[in-house]
Amino acid sequence: MNIHEYQAKELFRRFGIAVEKGGVARTPEEAVARYDEITAAHGQNAQVVIKAQIHAGGRGKAGGVKFAKTRDETAAVTREMIGKTLVTHQTGPQGRVVRSVLVTSVMKVQRELYFAVLLDRTASRPAVIASTEGGMDIEQVAAKTPEKIVKEIIDPALGMMPFQARKLCRALGLSGDLATAGAKLMLNVYRLFWECDCSLVEINPMAVAADPDGKVSVSPLDAKFNFDDNALFRHPDIAAMRDPNEEDPRDVEASKHGLNYIGLDGNIGCMVNGAGLAMATMDIIKYYGGSPANFLDVGGGASVEQVTAAFQLLCSDHNVKALLVNIFGGIMKCDILAAGIIAAAKAVHIPVPLVVRLEGTNVELGKKMLQESGLPIITATGMADAAEKVVKAAGGNGVKEME
Amino acid sequence: MSILVDQNTRVIFQGITGSAGKFHATHCHKYAGNVVGGVTPGRAGEVDLDGVKLPVFDTCAEAVKQTGANASCIFVPAAFAADAILEAADAGIALIVCITEGIPVNDMVKVKRALAGRDDTRLIGPNCPGVITPGQCKIGIMPGYIHKPGRVGVISRSGTLTYEAVWQLTTRGVGQSTCIGIGGDPVNGTSHLEAVKLFNDDPATDAIVLIGEIGGSAEEEAAAWIGEYCRKPVVAYIAGMTAPPGRRMGHAGAVISGGKGTAAAKIEALRAAGIAVAETPAVIGETLISLLKKRQRTRPRKASAPRAKQGKISKKPAQKKPAKRK
């Protein structure tokens with residue numbers, strides 16, 4: 001799960017991490033109230049920055065970040081921004097509707113650094129990463145100048161130790177009061193990462209910057225958060241930050257039915273039990289020259305309701321030209337699954353060819369039921385046969401793709 | 001022979017009174033009769049597994065004392081699973097198989113930290129189908145009948161994809177020594193590499209099937225070791241060639257992040273180590289069979305000698321390199 005920038009800054013404040021003055025606004029009036037708070041703290045000449053709140057980067061270039069010097073300007077910019085569809089390189093061509101803005105004081109940036117906390121899977125422990133190359137794409141820094149990235153593995157029983165923060169600050173060239181401020185920031189961000197069950201906190205840039213009063217410190221100018229969905233049950237306050245407006249409506253619909261769905265841009269809809277088999281099914285479709293429209297794991301014990309919801313979801317994607325159901329019935333028997341498929345296929349009008357591949361317990365009975373159902377189901381034996389048939393049904397030639 | 005579990009394994013189920021725990025304890029017991037009891041805090045007494053009455057204890061320690069259990073299968077809800085794993089370890093249980101899905105990552109980080117350096121206990125999973133030695137012991141949710149006793153070891157991060165591979169082997173007459181589902185989470189107990197080492201040392205295993213997927217670098221770590229030290233032929237398959245970066249593909253651990261953990265990188269590492277990589281999930285069984293045939297042809301005599309002592313089945317690069325090309 002992701003959160004908005006204003007929510008991230010609220011979390012920072014909760015963990016004693018200093019951020020710019022200001023806050024979220026959903027109307028021009030609220031934006032002016034934020035402006036008044038900022039000028040009350042920093043004087044009437046303080047400038048404010050107004051940032052569109054969407055879950056995507058690249059807002060600046062798309063007109064989602066603007067400055068204002070007066071109450072009227074603040075209201076005007078906010079009025080213009082809210083309700084507008086912002087298209088950035090991360091939103092896709094359909095863009096995202098701006099529903100709120102963040103109004104803050106303006107920091108004068110002197111240096112841009114990078115700091116992140118994430119899980120190191122090889123160590124099975126959290127790791128903190130810092131770099132002097134702030135504001136850049138860290139993947140590119142890692143590829144081109146790996147020596148500019150420093151890393152510390154954290155012992156979860158101890159938490160991040162102050163000496164580790166000091167080591168990183170030294171590597172970043174921070175000294176004196178800035179080193180103290182930088183270390184304090186890092187330790188607090190680690191604590192936030194651990195206590196809120198984050199899977200990633202990335203501060204880019206972490207800036208050496210002056211506030212409007214000229215006080216120089218180290219601040220998190222922009223931050224990206226990811227939370228461990230499996231741990232949200234113990235953080236109701238964070239779970240409440242979820243913004244369904246920022247999520248693919250198909251994903252929202254799928255999660256309502258306990259389905260694991262990820263929309264892609266191909267034309268063959270897939271329904272599979274088990275995540276590994278679902279990925280393998282997408283791969284074999286590609287291998288036979290087709291293109292999967294989605295990843296969909298209906299789980300080990302898919303019910304008729306779930307299969308019906310899954311068919312509805314797949315058929316709502318207008319790119320889909322054919323469907324493939326690939327089920328390995330283990331404890332869940334194929335005849336039960338076939339009954340579910342038949343019931344669901346009767347309940348949902350399926351406008352495209354449907355290929356079904358069943359394997360496992362009671363497979364013969366399941367296949368017989370599909371054949372006798374009177375539904376125009378194409379049955380397949382084995383994954384290769386299924387992939388070939390569905391690719392042909394979708395209009396491809398089903399010939400292995402050569403690279 | 002086999003690894004991890006055999007006919008002498010004595011299994012308790014933690015969470016045996018829950019619906020999933022009871023259902024699968026019943027199936028495991030029917031398969032080979034190794035279930036000796038269960039644990040559900042506050043529910044000590046008895047459980048009826050389809051006519052077989054087994055004792056239920058409040059704690060693992062009590063269960064071990066009364067039943068002599070040396071393995072545990074965990075079915076407790078995700079929020080309590082980390083505690084259950086550590087309780088089993090504390091009770092001295094040698095093999096802990098955690099089926100539970102959806103355990104918070106930080107809980108598993110703590111569990112790994114707590115188990116670090118302990119060689120008297122091994123964790124398999126979480127979020128896995130379990131472990132089976134065909135005909136001898138089944139601990140988990142896999143359908144027993146698709147397996148067949150034999151000499152191929154199977155390691156996998158997923159459930160149904162493993163069944164698919166196992167079924168391809170069984171229907172072609174190739175049996176399995178042991179099949180291990182190591183689980184689909186980013187932090188798990190036993191890694192691909194540790195499982196490969198166990199099979200490499202197992203005299204009853206002749207070949208290894210390694211099934212991986214996108215995310216992390218466990219397959220690459222296993223590949224590097226196999227290339228240097230593994231004495232047995234290995235066939236691999238990696239799922240997720242078409243997975244988009246940044247999205248979790250069902251399993252919490254199946255995600256390409258920061259350009260790392262792609263299927264292409266894993267396949268490249270596996271091939272570089274001389275491992276035969278199946279091009280599609282439909283040919284995992286065939287790839288293994290043709291590799292075994294090829295090795296039999298190129299091995300001069302005593303083709304069936306399975307008791308491979310170190311260096312006896314030497315690795316000749318020429319016969320190891322898969323001729324397959326995309």
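Patches here are built from residues with over 30% relative accessible area and no salt bridge, joining like charges within 9 Å and nonpolar side chains (Val, Leu, Ile, Met, Phe, Trp, Tyr) within 5 Å. One nonpolar surface patch of that kind consists of L158(A), M161(A) and F163(A). This is a predicted model, where local features need pLDDT of at least 70, side-chain atom pairs count only at pLDDT 80 or more, and totals for chains, interfaces and linings use all residues. Residues are numbered from 1 along each chain as its sequence is written, chains are lettered from A and ligands numbered from 1 in written order, and side-chain values use heavy atoms, leaving out hydrogens and water.

**Surface patch**
- M161(A) sits in the loop between β9 (149-153) and α5 (162-171) of chain A; helices (H or I, at least four residues) and strands (E, at least two) are DSSP runs numbered from the N terminus.
- With a relative accessible area of 31%, M161(A) is partly exposed (buried is under 20%, exposed over 50%, partly exposed in between; 1.4 Å probe, protein chains only).

**Cavities**
- Searching the whole structure turns up 2 cavities of 30 Å³ or more. On a 1 Å grid over the protein atoms alone, a cavity is a set of points where a 1.4 Å probe fits but cannot get out; a pocket is an open set with protein on both sides within 12 Å along at least five of seven lines, and lining residues have an atom within 4 Å of a point.
- The second largest cavity holds about 50 Å³ of space, a volume being the space filled by probe spheres set on grid points, which are joined across faces, edges and corners.
- Its lining includes P129(B), M142(B), H147(B) and Y163(B). In chain B, β8 (130-133), α5 (160-171) and β11 (176-181) are the elements giving two or more residues to this lining.
- By type, the lining of the second largest cavity has 7 nonpolar, 4 polar and no charged residues (Ala, Val, Leu, Ile, Met, Phe, Trp, Tyr, Cys and Pro are nonpolar; Asp, Glu, Lys and Arg charged; the others, Gly among them, polar).

**Second largest pocket**
- The volume of this pocket is about 650 Å³. It is lined by 32 residues, with K112(B), N188(B), G189(B), S191(B) and E194(B) the closest to its centre.
- At least two lining residues each come from α4 (105-115), β7 (122-124), α6 (192-200) and α7 (218-229) of chain B, and α4(B) has the largest share with 5.
- The pocket lining splits into 10 nonpolar, 11 polar and 11 charged residues.

**Salt bridges**
- Over all chains there are 34 salt bridges (a side-chain nitrogen of Lys or Arg within 4 Å of a carboxyl oxygen of Asp or Glu).
- K51(A) and E5(A) pair up at 2.8 Å, N to O. They tie together distant parts of the chain, 46 residues apart: K51(A) is in strand β2 (residues 48-52) and E5(A) in helix α1 (residues 5-14) of chain A.
- Both count as buried: K51(A) has a relative accessible area of 12%, and E5(A) is at 7%.
- R242(A) and E247(A) form a salt bridge at 3.0 Å, N to O; R242(A) is partly exposed at 37% relative accessibility, as is E247(A) at 29%.
- In chain B, D120(B) bridges to R118(B), with the closest N and O atoms 3.1 Å apart.
- Through shared partners, salt bridges join E5(A), K9(A), E20(A), K51(A) and R59(A) into one network.

Key: Accessible areas come from the Shrake-Rupley method with a 1.4 Å probe; for residues, only the protein chains shown count as cover.
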